[in-house]
Amino acid sequence: MARIIAPSVLSADFLNLGRDIEMLNQSKAEWIHLDIMDGLFVPNISFGLPVVQAIRKATTKTLDVHLMIEQPERYITAFADAGADFLTLHYEASRHLHRAMQQIRDAGMKAGVVLNPHTPVELLQDLLPYLDLVLLMSVNPGFGGQKFIPQILDKTVRLKKMIEKRGLEVLIEVDGGVNAETAAQLFDAGADALVAGSYVFGSEDPQKTIERLLEV
């Protein structure tokens with residue numbers, strides 16, 4: 001099973017973003033997580049394509065782009081052009097997910113679906129063969145620093161069984177409330193990748209924090 005840490009740029013220092021990306025370049029994090037918010041699908045607004053383009057120029061790490069926006073299909077090509085490696089769309093925001101996943105792959109990216117805490121994994125039964133990644137929200141989307149919702153552990157176990165039963169190679173990522181304790185629980189439950197924001201960037205030594213999360 002893969003063990004991947006994806007630090008969330010939402011918790012970085014935006015006045016010193018280049019410095020923080022270089023710190024991640026020197027770290028053991030394989031992915032960089034980018035949360036795109038439009039103020040409609042979620043009540044917050046984060047950043048958009050220019051920031052993704054700038055980060056792409058500054059790193060060779062995998063860019064894991066999470067769209068928390070209405071009608072995300074409108075921007076698939078734009079985020080491919082900006083340098084995204086993974087593009088994940090919310091189940092709750094996209095009416096035509098099958099088509100959208102095909103468009104993401106046709107644009108040269110890995111395709112993923114995000115589920116809010118209340119959305120059951122069983123709804124993905126017919127879509128799983130068309131996915132590279134499922135991102136489970138373990139907090140309600142839109143803000144960093146929220147408390148982990150423990151029911152996500154059972155949800156992760158159920159999703160892992162669905163994937164293994166069909167012999168698929170779909171990664172499970174979990175986003176929200178990740179720390180040393182929850183990381184250990186999530187990896188045990190079957191998660192492959194964990195998004196960590198404030199726990200990494202708010203620590204005294206982010207690189208060592210990333211290493212600790214990989215070793216739990």
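Visitor: Are tryptophan 31 and phenylalanine 86 buried or exposed in this structure?

Guide: In this predicted model, tryptophan 31 and phenylalanine 86 are both buried. A residue is called buried when its relative accessible area is under 20%.

Visitor: How many aromatic pairs does a search of the whole structure find?

Guide: The search finds 2 aromatic pairs. One of them joins phenylalanine 14 to phenylalanine 47, with 5.7 Å from centre to centre and 45° between the planes, and this pair is tilted.

Visitor: Which parts does that pair tie together?

Guide: Phenylalanine 14 belongs to the loop between β1 and α1 (17-25), and phenylalanine 47 to the loop between β2 and α2 (49-58), so the contact ties together parts 33 residues apart in sequence. Phenylalanine 14 is partly exposed, its relative accessible area being 41%. Phenylalanine 47, at 10% relative accessibility, counts as buried.

Visitor: Why is the pair of tryptophan 31 and phenylalanine 86 described as tilted?

Guide: The general idea rests on the angle between the ring planes: under 30 degrees the rings count as stacked, over 60 as edge-to-face, and the rest as tilted. Here the planes of tryptophan 31 and phenylalanine 86 stand at 35°, with the ring centres 4.7 Å apart, so the pair is tilted. Tryptophan 31 lies in strand β2 and phenylalanine 86 in strand β4 (residues 86-90), so parts 55 residues apart in sequence are tied together.

Visitor: What is the order of the strands in the sheet?

Guide: Strands of a sheet pair through backbone hydrogen bonds, in either a parallel or an antiparallel manner. In this case there is an open sheet of 8 strands, in the order β1-β8-β7-β6-β5-β4-β3-β2, and the pairing is parallel. At the edges stand β1 (4-7) and β2 (31-37), each of which pairs on one side only. From one strand to the next, the twist averages 25°.

Visitor: Where does helix α6 pack, and which strands does it touch?

Guide: Helix α6 (residues 180-189) packs on the sheet and touches β1, β7 and β8. The direction of helix α6 makes about 160° with that of β8. Two of these strands, β7 (residues 171-175) and β8 (residues 193-196), pair in the parallel sense over 3 bridges. Opposite alanine 193 in β8 stands glutamate 173.

Visitor: How many salt bridges does a search of the whole structure find?

Guide: Side chains of opposite charge can pair when their charged atoms come close. The search of this structure finds 7 salt bridges. One of them links aspartate 85 with arginine 56, whose closest N and O atoms are 2.9 Å apart. This pair links distant parts of the chain, since aspartate 85 is in the loop between α3 (76-82) and β4 while arginine 56 is in helix α2, 29 residues apart. Aspartate 85 is partly exposed at 27% relative accessible area, and arginine 56 is partly exposed at 22%.

Visitor: Where do arginine 158 and glutamate 122 lie?

Guide: Arginine 158 lies in helix α5 (residues 152-165), and glutamate 122 in the loop between β5 (110-115) and β6 (133-137), 36 residues apart. These two residues form a salt bridge with their closest N and O atoms 2.9 Å apart. Arginine 158 has a relative accessible area of 29% and is partly exposed; glutamate 122, at 39%, is partly exposed.

Note on methods. Residues numbered from 1 in each chain as written. Predicted model: local features only at pLDDT ≥ 70, side-chain atom pairs only at ≥ 80, totals over all residues. Heavy atoms only, no water. Pairing = 2+ DSSP bridges. Helix = DSSP H or I, 4+ residues; strand = E, 2+ residues; numbered from the N terminus. Axes fitted to C-alpha atoms, helices over the stretch in contact; angles between N-to-C directions. Contact = heavy atoms within 4.5 Å. Phe/Tyr/Trp six-rings, centres within 6.5 Å; stacked < 30°, edge-to-face > 60°. Buried < 20%, exposed > 50% of the residue type's maximum accessible area, 1.4 Å probe, protein only. Salt bridge = Lys/Arg side-chain N within 4 Å of Asp/Glu carboxyl O.
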